[in-house]
Amino acid sequence: MWHDIKTLNSVTRTMFGVLVLCLLLAGYRWVSLQPVFDFRVVRVQGANGAPLRYVDAATVRSAALPRIRGNFFTADLGAVRAAFETVPWVQRASVRREWPNKLIVSVDEYEVLGTWGEQDDRLLSVDGYLFTANLDEAEAEGRLPQLSGPDDSAREVAERLVDLRVWLAPVKLAPRTLSLSKRYAWTARLDNGVTLKLGRVQDREALKRRVDRFVLAYPRLAAQLAGRIESVDMRYPNGLAYRMRGPSAPSAPPVKEEDAA
């Protein structure tokens, strides 16, 4: 081999290439460890330029920065994003580097719809996600609806609350609570204090039909029994039943739709 010039040149080129690669890797490692590339600026902003309502940029930085490892070159952006997403009110975060030592964090906040469960220790977002945040902050502009159900029904409960607000608008009522039992029975308490029992309905259109029957019958019931209705039961196929307020008030017998309308 030592007398084969062609082979020696090939070996020499290979060894030189390996040496250059090692030098480049060593240089990159040395440069990447320089303090100048440590994150000195962390900018937290709303996604798509939206203003942040609940997330305080300083609080986010102080909560997330201790969990960030690495610098401009070595930081794992997936881990960085996960660190910011542990901060209350942050639903999603996206992160990007900006030369030479900046980290830009864009935050999507949860949009709260109501409280979840009997303890009021969790909140439900408008798109059906359960999360934990400060209740006083969430209710700064007014008391939130109280929602409950199996955890895997959170998205459906959120959708039905939005539906009920639309369906009840013709009689100027709105749900203050909405619950879905383990047996899939819906119950709402309205802002006038009336409990609306809608029963076991798994189909949205079937639920709407029951609410529509209530909306049709309610004006006359309200006129006749102003302020005295405790609950209205819409589980009857062709009518409704109502209960009067008072410790000994009996439940009224079922009323046919044509009698209540």
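Student: Which element supplies the largest share of the lining of the largest pocket?

Tutor: In this predicted model, β3 gives the largest share of that lining, with three residues. Two elements, β3 (102-109) and α4 (135-138), each supply at least two lining residues.

Student: What makes a residue part of the lining of the largest pocket, and which residues lie closest to its centre?

Tutor: A lining residue has an atom within 4 Å of a point of the pocket. The largest pocket has 20 such residues, and the closest to its centre are Arg53, Tyr54, Tyr110, Glu111 and Val112. The space in this pocket is about 350 Å³.

Student: How is the lining of the largest pocket divided by class?

Tutor: Eleven of its residues are nonpolar, one is polar and eight are charged. Tyr counts as nonpolar and Arg as charged.

Student: What is the volume of the second largest pocket, and which residues lie nearest its centre?

Tutor: Its volume is about 200 Å³. Among its 13 lining residues, Gln146, Leu147, Ser148, Thr177 and Ser179 lie nearest the centre. The strands β7 (146-148), β8 (175-180) and β9 (185-190) each contribute at least two residues to this lining. By class, the lining has three nonpolar, seven polar and three charged residues.

Student: How do you know that the span of helix α6 is close to the expected value?

Tutor: The expected span is 1.5 Å times one less than the number of residues. Helix α6 (residues 204-224) has 21 residues, for which 30 Å is expected, and the helix reaches 30 Å from its first C-alpha to its last.

Student: Where does α6 bend, and which proline follows?

Tutor: The bend, of about 40°, is at tyrosine 218, and proline 219 follows within four residues.

Student: What makes aspartate 203 a cap of α6?

Tutor: A side-chain oxygen of aspartate 203 lies 3.1 Å from the backbone nitrogen of glutamate 205, at the N-terminal end of the helix.

Student: Why is phenylalanine 214 called buried?

Tutor: Buried means under 20% relative accessible area. Phenylalanine 214 has 0% relative accessibility and therefore counts as buried. This residue lies in helix α6, where the buried residues also include Leu207, Val211, Tyr218 and Leu221.

Student: How far apart are phenylalanine 214 and leucine 168 in sequence and in space?

Tutor: They are separated by 46 residues in sequence and by 8.8 Å in space, C-alpha to C-alpha.

Definitions and conventions: Residues are numbered from 1 along each chain as its sequence is written. This is a predicted model: local features need pLDDT of at least 70, side-chain atom pairs count only at pLDDT 80 or more; totals for chains, interfaces and linings use all residues. Side-chain values use heavy atoms; hydrogens and water are left out. On a 1 Å grid over the protein atoms alone, a cavity is a set of points where a 1.4 Å probe fits but cannot get out, and a pocket is an open set with protein on both sides within 12 Å along at least five of seven lines; lining residues have an atom within 4 Å of a point. Grid points are joined across faces, edges and corners, and a volume is the space filled by probe spheres set on the points. The bend at a residue is the angle between axes fitted to the seven residues ending there and the seven starting there. Buried means under 20% relative accessible area, exposed over 50%, partly exposed in between (1.4 Å probe, protein chains only). A polar contact is a pair of N or O atoms within 3.5 Å; within protein, one must be able to donate a hydrogen and the other to accept it, and residues adjacent in sequence count only if both atoms are side-chain atoms.
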